[in-house]
Amino acid sequence: MSAGTVRTALATAVAVLATGVLAAPAAAHSVTAGETADRHGATRRALEQAVRDGVPGAVARARDRAGSWSGTAGVGDLDTGRERTAQDRYRIGSVTKTFVATVLLQLEAEERLDLDDTVERWLPGTVRGNGHDGRHITLRQLLNHTSGVFSYSADPGYQAKIFGEGFLRHRYDTWTPGQLVGLAMGHKPHFPPGTGWRYSNTNYTLAGMVVQKVTGRGYEAEIERRILRPLRLRATSVPRTDPRVPGPASRAYSPLSWDPAAKIRDVTELNPSLAGAGGGMISDSKDLQKFFRALLKGGLLPPEQQNALTTTVPIDPQRPEYRYGLGVQSVRLSCGKEVWGHGGGIHGSQSEAFVTRDASHSLALNFNGDWAGDSGAVIEAEFCG
């Protein structure tokens, strides 16, 4: 969710946060259908606060029984001062995981795999080394992060190339799933399978590899065939190795450093294979809401798999309000409401997409900077404000 909450536990390993203020907030632009802008006044103010806190620009879209609303604050381009727009496309980081999990659940519904199959069955010899053993890890444990598999994004060699100044030299490098898993196998597991919870990007790299093995097609093609085309998510894409973000889009910014005095860099272009099945997709707020509404309403999965999707495990015993299912989080907000969805971070982009269990109220948002702003405050404002 946000700094100080579940985002800390679910960060997609973009360790590039700093502090600073870049731009004064622009007036939020709102469009409503069957309702007044005041209904979302708290959300609008939370977007403006994020910009005061240093985010270049913020965009959000909400929908409830009364209609839809969108709001923006700040700028999408620090050089030109161009404002953000409600139609902006952006990198969604780990929200990608929900799409991948949905494909695996559909494959189970088709009896092409079982979530209790071992990783070894589908990827023989892939998860081995330093205590890792795919014979004792199930596909379900990959999807709910109870596998214990080390996250490749914590590997020092990977971090040297992907974070900090190394990013500027390696932003266009292509990473294969085998390379990413190989980095993880160079380290010990976080814990024995099924004995704990820890977010690991390697889990979803492996899940994407399983999709390839089962279907003969990459996870990208299966997401497009099974989800994007049926739901007509025309702003959503799985860019594979293409470094560009298709328009309309804002620029994405990062200091690539923990140093508050570090220069802010334009990090819009990058080869998304560095995140792959764990975080490589692009979307917009309208499409993300449509996807999560369809998913939580049961439009993409039959009842057995829908139940599996929303069967959760605790993330942290000290924070019982946060739980994790199969590629989705459940969060009990301060006002008692429960929302379902996922957050995602990748260079220069922070995204969130959440919906109530009955899909009657949804929100998707994005910040085009990765060092400031509290996206959790926007979620609280929309659902509790």
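Colleague: Let me start with the strands: which residue in S14 is the bridge partner of Gly345?

Modeller: Gln350 in S14 is the bridge partner of Gly345. Do keep in mind that this is a predicted model.

Colleague: How do you know that S13 and S14 pair, and which way do they run?

Modeller: Two strands count as a pair if there are at least two bridges between them. S13 (residues 338–346) and S14 are joined by eight bridges, therefore they pair, and they run antiparallel. They form a hairpin with two residues between the strands, and in that hairpin Gly348 has a positive phi near 75°.

Colleague: What makes S14 and S15 a pair?

Modeller: Six bridges join S14 to S15 (residues 362–367), against a requirement of at least two, so they pair as well. These strands run antiparallel. Phe354 has Leu363 in S15 as its bridge partner, and Gln350 stands opposite Phe367 in S15. S14 and S15 make a hairpin with five residues between them, and Ala359 in the turn has a positive phi of about 65°.

Colleague: Which other strand is joined to S15 by six bridges?

Modeller: That is S2 (residues 57–64), which runs antiparallel to S15. Ser362 in S15 is the bridge partner of Arg63.

Colleague: Why is S14 called largely enclosed?

Modeller: A residue is buried when its relative accessible area is under 20%. Eight of the eight residues of S14 (residues 349–356) are buried, so the strand is largely enclosed by the rest of the structure. Both faces are covered: one side holds Ser349, Ser351, Ala353 and Val355, the other Gln350, Glu352, Phe354 and Thr356, and all are buried.

Colleague: How many residues of S15 are buried, and what do you conclude?

Modeller: Six of the six residues of S15 are buried, so this strand is largely enclosed by the rest of the structure. Both of its faces are covered, with Ser362, Ala364 and Asn366 buried on one side and Leu363, Leu365 and Phe367 buried on the other.

Colleague: On to the helices. Why are H3 and H10 called roughly perpendicular?

Modeller: Angles from 65 to 115 degrees count as roughly perpendicular. The axes of H3 (residues 96–109) and H10 (residues 219–231) come within 10 Å and cross at roughly 80°. H3 and H10 are therefore roughly perpendicular to each other.

Colleague: Which residues of H3 and H10 meet?

Modeller: From H3 there are Phe99, Val100, Thr102, Val103, Gln106 and Leu107, and they meet Tyr219, Glu222, Ile223, Arg226, Ile227 and Leu228 of H10. The residues of this contact divide into eight nonpolar, two polar and two charged.

Colleague: How do you know that the span of H3 is close to the expected one?

Modeller: H3 has 14 residues and reaches 20 Å from its first C-alpha to its last, close to the 20 Å expected at 1.5 Å a residue. In H3, 13 of the 14 residues are buried, so the helix is largely enclosed by the rest of the structure. Glu111 follows H3 and has a positive phi, near 60°.

Colleague: What makes Gly218 count as buried?

Modeller: Gly218 has a relative accessibility of 16%, and the limit for buried is under 20%, so it counts as buried. It sits in the loop between H9 (201–215) and H10. Leaving out residues up to four places away in sequence, Gly218 touches Val211 and Gln212.

Colleague: Why is Arg232 called exposed, while Arg240 is called partly exposed?

Modeller: Exposed means over 50%, buried means under 20%, and partly exposed lies in between. Arg232 has a relative accessible area of 56%, so it is exposed. Arg240 has 37%, so it is partly exposed. Arg232 is in the loop between H10 and S7, and Arg240 is in that loop too. Phi is positive, near 55°, in Arg232, and near 55° in Arg240.

Colleague: What kind of peptide bond joins Gly247 and Pro248?

Modeller: A cis peptide bond joins them, with omega about 0°. Pro248 lies in the loop between H10 and S7 (253–254).

Methods: Residues are numbered from 1 along each chain as its sequence is written. This is a predicted model: local features need pLDDT of at least 70, side-chain atom pairs count only at pLDDT 80 or more; totals for chains, interfaces and linings use all residues. Side-chain values use heavy atoms; hydrogens and water are left out. Axes are lines fitted to C-alpha atoms, for helices over the stretch in contact, and angles run from 0 to 180 degrees between N-to-C directions. Helices (H or I, at least four residues) and strands (E, at least two) are DSSP runs, numbered from the N terminus. Angles under 35 degrees count as roughly parallel, over 145 as roughly antiparallel, 65 to 115 as roughly perpendicular and the rest as oblique. Contact means heavy atoms within 4.5 Å. Ala, Val, Leu, Ile, Met, Phe, Trp, Tyr, Cys and Pro count as nonpolar, Asp, Glu, Lys and Arg as charged, and the others, Gly among them, as polar. The expected span of a helix is 1.5 Å times one less than its number of residues. Buried means under 20% relative accessible area, exposed over 50%, partly exposed in between (1.4 Å probe, protein chains only).
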